[in-house]
Amino acid sequence: MTKAEKVQFTIDTLKEIYPTIPIPLDHKDPYTLLIAVLMSAQSTDVRVNQITPLLFERADNPYDMVKLTVEEIREIIKPVGLSPMKAKGIHGLSEILIAKHNGEVPANFADLEELPAVGHKTASVVMSQAFGIPAFPVDTHIHRLMYRWGFSNGKSVEQTEKDAKRLFPEELWNDLHLQIIWYGREYSPARGWNLEKDIITRTIGRKTVIDEYNKKKSR
């Protein structure tokens, strides 16, 4: 298979498995999505979805959020981990949204990435899922699969994002990054990986990855 055929096979397979795509983080608007994504750093979506309702019950907009102290926010979000940093970020960005953006989440990368605790990946998720603007947020699943599939060299998430944007058509980015995440979780995890169930890697995967898998299995 040529590289182009491998890309097409991947797109078609993912579309077949995930014709409708569940959104991983529960939210109702750009602000609640931004907060949920920020909270998800080094945590799981399941855990975040358990905690965000408790926080949003108290404050689901920047005006109510700044009425809480950093300490109060931290107490609520403690179970998601890294709570001191995240609480500071949530409070700080809420202040900036009020001061600079009329309490609205800005729909551009430059302003988003200026907010405390908001990096490029968080900004990409918000651009893509809240505003429908093409972006390709790379998480650990996408980074792993792009390497396994031979689409990127695995050197860095920045490189993986560049390669994904180069290989996949822009109008598919917003769906595709979510389809790859779900596929990675269900069929191509880092641990407990079963190649038999992983049709994409089995069909187009990097030879060294498949050889390594078989070597481990035969031990």
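The largest pocket takes at least two lining residues from each of H2, H3, H6, H8, helix H9 (140–148) and helix H11 (173–186). The model is predicted, so to speak of local features a pLDDT of at least 70 is needed, side-chain atom pairs count only at pLDDT 80 or more, and totals for chains, interfaces and linings use all residues. Residues are numbered from 1 along each chain as its sequence is written, and side-chain values use heavy atoms, without hydrogens and water. Helices are DSSP runs (H or I, at least four residues), numbered from the N terminus.

**The largest pocket**
- A pocket here is an open set of points on a 1 Å grid over the protein atoms alone, where a 1.4 Å probe fits, with protein on both sides within 12 Å along at least five of seven lines; lining residues have an atom within 4 Å of a point.
- This pocket holds about 770 Å³ of space, a volume being the space filled by probe spheres set on the points.
- Of its 31 lining residues, Ser 40, Ala 41, Gln 42, Lys 121 and Asp 139 are the closest to the centre.
- H8 gives the most to the lining, with 5 residues.
- Both domain 1 (30–131) and domain 2 (137–218) supply at least three lining residues; these bounds come from an automatic or database domain assignment.

**The second largest pocket**
- Its volume is about 170 Å³.
- Among the residues lining this pocket are Arg 148, Trp 193, Glu 212 and Tyr 213.
- Helix H13 (residues 207–218) gives the most to this lining, with 5 residues.

**The nonpolar cores**
- A nonpolar core is a set of buried Ala, Val, Leu, Ile, Met, Phe, Trp, Tyr and Cys residues joined through side-chain atoms within 4.5 Å, where buried means under 20% relative accessible area with a 1.4 Å probe, protein chains only.
- In the largest core, of 33 residues, Met 39, Leu 55, Ile 77, Ile 90 and Leu 93 touch the most other members.
- H2 gives the most to this core, with 8 residues.
- Met 39 has contacts (heavy atoms within 4.5 Å) that include Val 48, Leu 55, Ile 77 and Ile 90, not counting residues up to four places away in sequence.
- A second, separate core of 22 residues includes Val 138, Phe 151, Ala 164 and Ile 181.

**A look at Thr 122**
- Thr 122 sits in helix H8 (residues 120–129) and counts as buried because its relative accessibility is 12%.
- Leaving aside residues up to four places away in sequence, Thr 122 touches Leu 34, Val 37 and Leu 38.

Note on methods. Buried < 20%, exposed > 50% of the residue type's maximum accessible area, 1.4 Å probe, protein only.
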